[in-house]
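Thanks for making the time this morning.

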Amino acid sequence: MTLLARINRLFKADVHAVLDSIEEPNLLLQQSIREMESALDQTNIVLAKQQQNAKQTTELLAKTKEAQTESQNEIELCLKNNNDDLAKDLLRKKITLSRHIDSLDDELRETNQLIEQLHLKKEEQSNVLDELKTQADIYASSSNKRKRPD
């Protein structure tokens, strides 16, 4: 290691030590709590959006399946009445609906997986927030004991 690199490293270490002695742990804890609360709020917003998305996708999936069933019934009616041209058109429609159902199923599965991940993230963030609040309470009580004259 060159001499300049060593001096640079020592200087950085001294600066960090000075900053550590200047910073107040309680203020840092309070800032960490605010940041974690903000992150938790953002997770809740994203979770709510994904849950709404899942609900809409579920509703669209149900309507599409209903349309596919109606299409199947119409195809059977056309075949009974020997209307092959209309049956072919309805069969194309049914195939399109079937592909759309597969796509919606995939989208819903992915959304539900994301919702599960967000629930886990929310739980983890809540645990970290609780831990930070506990640390802040402990620090506050210990600093109050030090300030109180006996």
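This is a predicted model: local features need pLDDT of at least 70, side-chain atom pairs count only at pLDDT 80 or more; totals for chains, interfaces and linings use all residues.

Let me start at Thr-111, which counts as buried because its relative accessibility is 6%, where buried means under 20% relative accessible area, exposed means over 50%, and partly exposed is in between, with a 1.4 Å probe and protein chains only. Residues are numbered from 1 along each chain as its sequence is written, and side-chain values use heavy atoms, with hydrogens and water left out.

Thr-111 sits in helix α3, and here helices (H or I, at least four residues) and strands (E, at least two) are DSSP runs numbered from the N terminus. Which residues does Thr-111 contact, leaving aside its neighbours within four places in sequence? They are Gln-50, Asn-53 and Ala-54, taking contact to mean heavy atoms within 4.5 Å.

Once neighbours within four places in sequence are set aside, Thr-57 is in contact with Leu-104, Glu-107 and Leu-108. Turning to Leu-104 itself, and not counting residues up to four places away in sequence, we find that it touches Thr-57, Leu-60, Leu-61 and Thr-64.

Of the 150 residues, 19% are buried. Among contacts with a separation of 6 or more, 81% are between residues 24 or more positions apart.

Now to the charged pairs. How many salt bridges does a search of the whole structure find? It finds three, a salt bridge being a side-chain nitrogen of Lys or Arg within 4 Å of a carboxyl oxygen of Asp or Glu.

One of them joins the side chains of Lys-133 and Glu-37, at 3.7 Å from N to O. This pair links distant parts of the chain, with Lys-133 in helix α3 (residues 84-147) and Glu-37 in helix α2 (residues 25-80), 96 residues apart. Both partners are partly exposed, Lys-133 at 36% relative accessibility and Glu-37 at 31%.

Another pairs Arg-92 with Asp-89, at 2.8 Å from N to O, and because these two are three residues apart in helix α3, they are separated by about one helical turn. Arg-92 counts as exposed, at 52% relative accessibility, whereas Asp-89 is partly exposed at 44%.

The remaining salt bridge is between Arg-109 and Asp-106, whose closest N and O atoms are 2.5 Å apart. They too lie in helix α3, three residues apart, about one turn of the helix. Arg-109 is partly exposed, with a relative accessible area of 45%, and Asp-106 is partly exposed at 38%.

The protein exposes about 11,700 Å², of which carbon and sulfur atoms supply 53%, with accessible areas taken from the Shrake-Rupley method with a 1.4 Å probe and, for residues, only the protein chains shown counting as cover. Leu-3, Leu-4 and Ile-7 make a nonpolar surface patch of about 360 Å². Patches are made of residues with over 30% relative accessible area and no salt bridge, like charges being joined within 9 Å and nonpolar side chains (Val, Leu, Ile, Met, Phe, Trp, Tyr) within 5 Å. Leu-3 is in helix α1 (residues 3-22) and is exposed, with a relative accessible area of 63%.
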